[in-house]
Amino acid sequence: MKVSVIIPVYNAEKYLEQCLESLLNQTLKEIEIICVDDGSEDRSVEIIEKFSEKDCRISLLRQKNSYAGVARNNGLNASTGKYVIFLDADDFFEPDMLLSMYNKIESDHAEICLCNAKNYNEKTGEIKAVKHYLNVDFLPDKTPFSAEEIRLRIFNAINPAPWTKLFKREFIIENDFRFQPLKKTNDLFFVYSSLACAERITYINEAFVNYRVDNETSLQGKTSELNEDFYVSLYALKKELQKKGLFAKFEQSFANRALSTSFYVLDKITDKENYIIIADKLRNSYLYHLSVFSHTRGYFYKKADYVRLIDFMEGSSAELWDEAHNVTVCESSKIDINEWKCPFEIKTDGKVKVSVIIPVYNVEDYLKECIDSVINNSLKDIEIICVNDGSTDSSGEILAEYEKSDSRVSVINKTNGGLSSARNAGITQAKGEYILFLDSDDYIEPRAIEYLYAEAKKDDLDQLFFCAKTFHEFGVETDYDSSYNRKAEYNGVMTGREMFIIMSQNAEYKPSVCLQLIRKDLLTKNNISFIEGLIYEDNPFTILCLFYAKRVRYADIDLYNRRLRADSIMTGSAGIKSSYNYYSVIKNIERIATENNFGSDPEFYEALLVQLKRSCFLSCNYASEAEEEQLKSFILSLDEKNGMDYYFYIKIAMNHRKDIKILRRTIKDIKEKALMDKYKNQCERAIERAIEEEKARKQELERLEAERVAAEKRAAYERTFKGRIKRILRRILKL
């Protein structure tokens, strides 16, 4: 037998047939399918028996309810295949999965073969590819490889789910790897222990597994009950690695996994009392035992996890719960769009009130969600101008369909010229009183346009700023999350100059044009357009708008949903290219300032200089990511004037910034080391107190037990003594 497929089954009648059919339809036929029923109370056993009658490759084992880990172990013990894989009864495989993985593990003579998975949404039927089951960015291109070669990311790039891994059975048996008998997280110890010991690992970067999400019957979906299995499994893994002399090798990956898993579990808890219990245990002992407090910021892969760790340790569990679930003591200033009431009746007169301009370039995966969010908006007197900027995917076809189905949609097809060029083309065609820019991979709230138009008309605004919520695609780690909201208050209507000055003073000038409703006349009368060929083009455009705007207001309301993805313009740029783009922004703002006589307004000009300084710092930071030789080569590739200007703007400032950053980094490292030591000491003291309390409790129990034994002895003695006296008295009386 080539492959044994082991399926733990518990009340899975709804999904079991699809699961088994996916196995019977495998192109690899030399398989056995071992179903281990875990005390099901539905028709699961009946379904398995029905399938086994039709196909002798299916067998049934039964056990009393002991959870999936025990079922998997029993299936493993009964297996006969050269390789084993584990499948959950509510999931299913692609038809060529087992043959592909079998051929790969055989050709590479590997002990483990990895693959990827897709999420199958139980409620919507949507299948979505995700990256977190197997992140090949951290795996070698050449296979096979050893655990040693991926030691820094072995527990982070590879998800602990057993159903994306084909194991060599002999390797598992010889090392005595077994699943833990836990209700949840029973697979982490088994999978990561085997990976850490593997000398030959291979993979196929294909999503062969369909993992069912939004499944209410799954144990993973039940989060109200208290469960500490995640800690049990992580701590057992640490002890196992220490026993095998491997922990030092994998400690960094382990600490990162432990921290992210702990926060993941904490975020899934829906009961406040249980949340507080787990949070307190994490703070007082669990994170200490999982080696999280032995390291500072640079040790952790996700900056956000480390920042959260500091906040977590400094706060109270009850306060953290309230914060996570938006329980606030004071009233928030954030406007709720669902509670907002339109200040006047907006008459439907056929006139275009808002032109929504959407530049489009190769966004076939996101475009429909974007356009639908506009079409379905509550304000109907709008036009939707989609500028197809030379897309080479199916974006053009999608746009053509929308143009046919909705008269408000118009499409401009042009050769690729970049974001600024596309937006300018949209402005030229716009007929609306106001303009709203929307990026084609984002979407807006259902009442967003109604709110913006009504508030702008009410206050006769030239510009209305608002906020966004961000959402991440998996694997995207950026610092942009805070770029679309402001913390300071900006009350009332003011001039654009005043708004720019105040925002600059608060370090909250955030120029994203997608978060502005702009009167079209402001652009046409002042000849304002985007500078074509420029990245970060929002910056000079917004500065010009603010310089000329007479009436501007800020609304603290989330109307825009910003997608953060790895290949977008903003989140994909880095290094020298981004540095030079910021330098180009600086040079263009200098030119604009001269042409528009910004110096006539000293306060505005001073605020502008502050912003230019910040742009210079950003350019320096990006340039610092490049090697010295790369930077020199780039400077020499520019024409003489640009090369010299860039050198004096950036290179000299960069050296100064480097010295400052090194000093700041040293100071921060010292502070963070002190913090980690503080948390370690807190945990050590808490553990010592617990040990002392347990010791005192045992001593008290021993004292009480000693008193009980002594009392029993005295009672026995008294009974014996009295008995002797009675016997003596009886003898005397007889005499």
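Tutor: We can begin with the whole protein and then go through some local features. Keep in mind that this is a predicted model.

Student: OK. How many helices and strands does the protein have?

Tutor: The secondary structure comes to 23 helices and 17 strands.

Student: And what box do the C-alpha atoms fill?

Tutor: Along the principal axes, the box is roughly 135 × 70 × 60 Å.

Student: What share of the residues counts as buried?

Tutor: Of the 735 residues, 50% count as buried. The protein exposes about 36,000 Å², and carbon and sulfur atoms supply 50% of that area.

Student: What about contacts between residues 24 or more positions apart?

Tutor: They account for 82% of the contacts in the protein with a separation of 6 or more.

Student: Let's do strands. Which way do strand 6 and strand 9 run, parallel or antiparallel?

Tutor: Strand 6 and strand 9 run parallel, and nine bridges join them. In that pairing, Asn116 stands opposite Ala207 of strand 9. Strand 9 (residues 201–213) also pairs with strand 5 (residues 92–93), this time in the antiparallel sense and over two bridges. There, Phe92 stands opposite Asn210.

Student: And strand 17, how many of its residues are buried?

Tutor: For strand 17 (residues 552–564) the count is 13 of 13, so the strand is mostly covered. Strand 17 pairs with strand 14 (residues 443–444) in the antiparallel sense over two bridges. The bridge partner of Tyr443 in strand 17 is Asn561.

Student: Switching to charges. How many salt bridges does a search of the whole structure find?

Tutor: The search finds 46. One of them links Arg423 and Asp538, with the closest N and O atoms 3.1 Å apart.

Student: Where do Arg423 and Asp538 lie?

Tutor: Arg423 lies in helix 14 (residues 419–429) and Asp538 in helix 18 (residues 538–548), so the pair ties together parts that are 115 residues apart in sequence.

Student: Is Arg423 buried or exposed?

Tutor: Arg423 is buried, because its relative accessible area is 1% and the cut-off for buried is under 20%. Asp538 counts as buried too, at 13%. Salt bridges that share partners join Arg423, Asp439, Glu537 and Asp538 into one network.

Student: Why would side chains like that pair at all?

Tutor: Side chains of opposite charge can pair when their charged atoms come close.

Student: Give me another pair. What does Asp55 form with Arg57?

Tutor: Asp55 forms a salt bridge with Arg57, the closest N and O atoms being 2.9 Å apart. Asp55 is buried at a relative accessible area of 16%, and Arg57 is buried at 19%. Arg408 and Asp406 also meet in a salt bridge, at 3.1 Å from N to O. Arg408 counts as buried at 18% relative accessibility, and Asp406 is buried at 13%.

Student: What about His295, where is it found?

Tutor: His295 is in the loop between helix 9 (272–289) and helix 10 (303–314). His295 is buried, with a relative accessible area of 10%. Its side chain makes a polar contact with the side chain of Glu251, at 3.3 Å. Leaving aside neighbours within four places in sequence, the contacts of His295 include Ala255, Phe300, Tyr306 and Met676.

Student: Backbone next. Which residues does a cis peptide bond join?

Tutor: A cis peptide bond joins Thr143 and Pro144, with omega about -5 degrees. Pro144 sits in the loop between strand 7 (127–129) and strand 8 (165–168).

Student: Which residue has a positive phi although it is not a glycine?

Tutor: His109 is one of them, with a phi of about 50 degrees. His109 lies in the loop between helix 4 (97–107) and strand 6 (112–121), and is exposed with a relative accessible area of 61%. Thr185 also has a positive phi, about 55 degrees. Thr185 is found in the loop between helix 5 (169–175) and helix 6 (188–197).

Student: Last one, the surface. Which residues make a nonpolar patch?

Tutor: Met644, Tyr647 and Phe648 make a nonpolar surface patch of about 320 Å². Phe648 is found in helix 23 (residues 640–734) and counts as exposed at 54% relative accessibility.

Key: Residues numbered from 1 in each chain as written. Predicted model: local features only at pLDDT ≥ 70, side-chain atom pairs only at ≥ 80, totals over all residues. Heavy atoms only, no water. Patch = residues over 30% accessible without salt bridge, like charges linked within 9 Å, V, L, I, M, F, W, Y side chains within 5 Å. Areas by Shrake-Rupley, 256 points an atom, 1.4 Å probe, with all protein chains shown as cover. Salt bridge = Lys/Arg side-chain N within 4 Å of Asp/Glu carboxyl O. Helix = DSSP H or I, 4+ residues; strand = E, 2+ residues; numbered from the N terminus. Buried < 20%, exposed > 50% of the residue type's maximum accessible area, 1.4 Å probe, protein only. Polar contact = N/O pair within 3.5 Å; in protein donor to acceptor, adjacent residues only side chain to side chain. Contact = heavy atoms within 4.5 Å. Pairing = 2+ DSSP bridges.
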